[in-house]
Amino acid sequence: MITRLFRRLIWSVVTLLGTVLLTFFLLNAVPGDVARVIAGSKASPDVIKEIHAKYHLDDPVWQRFALYLNQLAHGDLGHSYVTDQPVAEALLTRLPTTIALTALAVVMWVALAVPLGALTARFRDSWFDRSTLVVATVSLSLPAFWLARMMQYWFAYKLGWFPIGFFRSFRDLLLPAASLAILFVGYYARLIHTNMVEVLDSPYIRAARAKGASETRVLFKHALRNAMIPVITILGMDVAGLLGGVLFVENVFALPGIGTLAVQSVFNLDPPVIMGTVLFSAILVVGANWAVDLLYGWIDPRIKSAS
Amino acid sequence: MTMSESLLEVKALKVHFPVNVGLFARPTEFVRAVDDVSFTIAPGETVGLVGESGCGKTTLGRAVIRLIEPTGGQILFDGMDLVPLKGAALRAQRRKFQMIFQDPFASLNPRAKVENIIGEALDIHRLVLNATARRQRVESLLQDVGLEAAHAQRYPHEFSGGQRQRIGIARALAVQPKLIVCDEPVSALDVSVQAQIVNLLRDLQQEHGMAYLFVAHDLAVVRHISRRILVMYLGRIVESGEARSVCQSPRHPYTQALISAVPVVDPKLKRRRMVLAGDVPSPIHPPAGCPFHPRCPVAEARCKTEVPALREVESGHWVSCHLAK
Amino acid sequence: MPLLEIRNLQIDFGHGLKALRAVDGVALSLEPGKTLGLVGESGSGKSVTALAIARLLACPPAVYAGGEILLAGRDVLRLRAAELRQIRGGLVSYVFQEPGASLNPVFRIGGQIKEALQLHRPEAATDAEVIRLLKLVGIPAPETRMKSYPHELSGGMQQRVMIAMALAPQPKLLVADEPTTALDVTIQAQIIELLAQLRQQLGMAILLITHNLGIVGDIADDVAVMYAGQIVEQGPAHDLLQRPLHPYTQALMKSVPTLAADAERLTTISGQVPRLGAFPTGCRFHPRCPVARPECSQAPPPLAEVEPRRWVRCPYWNSPSLKA
């Protein structure tokens, strides 16, 4: 167990370093002078030179990378070139919004997908199963930004049930979270459906029925946990990859989260902030993997004793 | 039996699998699947290998024909040691020994026609010159195993379990091997079909003269086909001898229990059953002394400390038990 | 009154023109406390019959096409869902072939046994009762074992747990569907011994489904032999196993290898076990029967009581060629 944890830890560090390295060098390859961005297009050559000196822009790229790593090792993510705000602070103030949005979206889609998947598996080939399949396929093919815009237009602007944008209370997150959740509900309902169908055919389900367990009990106690085992892995990856969707949704609804920060930083060509947001999403991926591992041990006792 | 007479001579064969592999450390524990096993098979002879699941009989059967890498020991096939062979040298030997598998459903490629399942080995070892010769050879092999020439154009799923096992046998026969390892060839089949396959294997042996290593858990089936029987327990051979001698006067308490556990149909022949307590212990931590002592009904103090050696209690009948006479 | 009485049971797989009859007119009866062995090869319909007793077949594809299954006088095929749940586990319990796959891998075995108690004897759903049951089926150190997960036990121990779980609600009938097939020979012997001992101790009836004639002889009072969806022979175990009357039973018994005989050719039954949907006309065994006559392919023979308590589905059972 200890060696396994140790191995995971090493891999996590390697993943993070790799991400930092790749992003740093890719950013470096982007054409355009950062100093121009900072000082504005009308700045004098002297000012530009000064900025170059201040941010070591003329040093060789590997040297600047070493500098950045050294900074990172001291827990410093640097300052935004544009606003001069510490990147860590920018991330932290926006973190709650993004976390709340993501968590709410995950809760929504899991809470919908689980019963949908389980019931369509139980009533296989019924009209309920088939219509769910159609809806799921449609929801799978919706692009995130379009869906967010549509939801905003209909439910916020036309019907006025929700605020069009901004973030004042938890309730304001419902609509953005729902537009994220809808993207995944269909897929997860099908995924859980497929696993459920397989599990429902297994001898222990027959044994549970032979015991006299009710169908609800068979479905949600005996079958669901087994059917969720393979789903957990994919869920972990999707939660980590959700940031892509969050990016669109936060921007459409003008929510002050990491997603809007990331988009701004790219438009501003603000390297420290870009690095910060990328690092944040890499940490999210690694963290999600850890969470999946822990969840696995809890949901499937066979894993724990195998390690 | 002198050396020159045996087709296969296995000497002190060991197969150990590592468990709990550490990150940097060497493996700390081993499953001793096969531990210091020696036996011989004469040309055209059938040797039965009996034991319960986890005793190492399947591993032994596969290690003998180098499907599993042995950890130590020698496998002399026609006088040549197979253990150090690698790559092309080993492949050149492969046509001399073949295998028939337990599961006739899983061991045939579902997307290949019977003609190609059987013909593949012919191609690999370049045993046929052209397509016509190949087709004729496949058809004659199918007839040898009691199927029809027309079956060559069908797929495995069109056959019943027994017929599929016949296809597996034809595939093994294709290269005219000197030894076929039969790994539980009938245990997945219905009783009425089992007997057909056992008889077929006997007939083919009389016709073609190859030897069998017949691996099975069912002592009665093994008894029917084998001239000699090896009984395996926790990676070791605990008793070996002529089939009649082992089945009619078993000396090892484990063999005695195995025999008494064979279900008997005729109520007139019912006898007191000797039921062993407990399960087969883990081969990672086999018991000290005689590996059978925790389940043995007659174990004494020394059985817990001294490992019994295989000794000849009667001409050709070997037992590893301190108490056997 | 018999505990279990199956009358003219017919079970199809699929509907309408595509329907394949897996069980065709099976009739069985089992008195309280007795053991009936139901013997057959794959596809004979023995397991389908066994599962039908608690209506455990998945519908679709299975269809209960006809007949009655009277369990303690009530027709299982007409029960409502809630009544059925009372019967399942409460009156009839099951032990299946693969104990490893029949226990839920994600729950501790103690919890799984306790669930059976909660469903039928809620007042007894305690750790103490679970421990008593585990002791009853011969599991050592039950106090710690009840906290194990199924994969931590050997096959034999898993089957003991299954038996403990089946016995927890104190059923009147235990259906054991190939309970030893997946187990090693020495463990098989343990499980059969355990079942025999429990039957004596608890007085329940057992319906033992098996392909192994030897096991039947060990434990059954009566035997029914199935072939291609029908019962072909039925009678008291001792008598039937010594003096089988139907050509199939005779051939089946001869094809079982024994330790006594010297290495010689085994007696075989030619051909293959017929597949569902490809059952022959007339007598279903006639293509493989060593003594078949031309008329055997025409009219399906009835199951007839040819001697007291001896039922045979072969009109020529008494012919000299069969007695040899």
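**Figure 1. A residue of strand β1 in chain B.** A12(B) is found in strand β1, residues 8-19 of chain B, where strands (E, at least two residues) and helices (H or I, at least four residues) are DSSP runs numbered from the N terminus. A12(B) is not a glycine, and yet A12(B) has a positive phi of about 45°. Most residues other than glycine have a negative phi, and most peptide bonds are trans. The model shown in every view is predicted, and local features need pLDDT of at least 70, side-chain atom pairs count only at pLDDT 80 or more, while totals for chains, interfaces and linings use all residues. Residues are numbered from 1 along each chain as its sequence is written, chains are lettered from A and ligands numbered from 1 in the order in which they are written, and side-chain values use heavy atoms, with hydrogens and water left out.

**Figure 2. Two cis peptide bonds in a loop of chain C.** A cis peptide bond joins C59(C) and P60(C), with omega at about -10°, and the peptide bond from P60(C) to P61(C) is also cis, with omega near 10°. P60(C) lies in the loop between α1 (46-52) and β4 (62-71) of chain C, and P61(C) lies in the loop between α1 and β4 of chain C as well.

Figure 3. Side chains of opposite charge can pair when their charged atoms come close. Here E52(B) forms a salt bridge with R295(B), and the closest N and O atoms are 3.7 Å apart; the term stands for a side-chain nitrogen of Lys or Arg within 4 Å of a carboxyl oxygen of Asp or Glu. The two residues are 243 residues apart in the chain, with E52(B) in the loop between β3 (46-50) and α1 (57-64) of chain B and R295(B) in the loop between α9 and β11 (311-314) of chain B. Over all chains, the structure holds 37 salt bridges.

**Figure 4. Two helices of chain A that cross.** Chain A has 14 helices and zero strands, and its C-alpha trace spans about 85 × 60 × 30 Å along its principal axes. The axes of helix α5 (residues 87-122) and helix α12 (residues 258-268) of chain A come within 8 Å and cross at roughly 135°. Therefore α5(A) is oblique to α12(A), since angles under 35 degrees count as roughly parallel, over 145 as roughly antiparallel, 65 to 115 as roughly perpendicular and the rest as oblique. These axes are lines fitted to C-alpha atoms, for helices over the stretch in contact, and angles run from 0 to 180 degrees between N-to-C directions. On the side of α5(A), the contact is made by A90(A), L91(A), R94(A), L95(A) and T98(A), and on the side of α12(A) by I258(A), G259(A), T260(A), L261(A) and Q264(A), where contact means heavy atoms within 4.5 Å.

**Figure 5. The interface of chain B and chain C.** In this view, 47 residues of chain B are in contact with 45 residues of chain C. The area buried between chain B and chain C is about 4,000 Å², of which carbon and sulfur atoms give 53%; buried area is the accessible area (1.4 Å probe) that two parts lose on being put together, summed over both. V191(B), H224(B) and V265(B) supply 17% of the area that chain B buries against chain C, more than any other three residues. Across this interface of chain B and chain C, the rule finds zero salt bridges.
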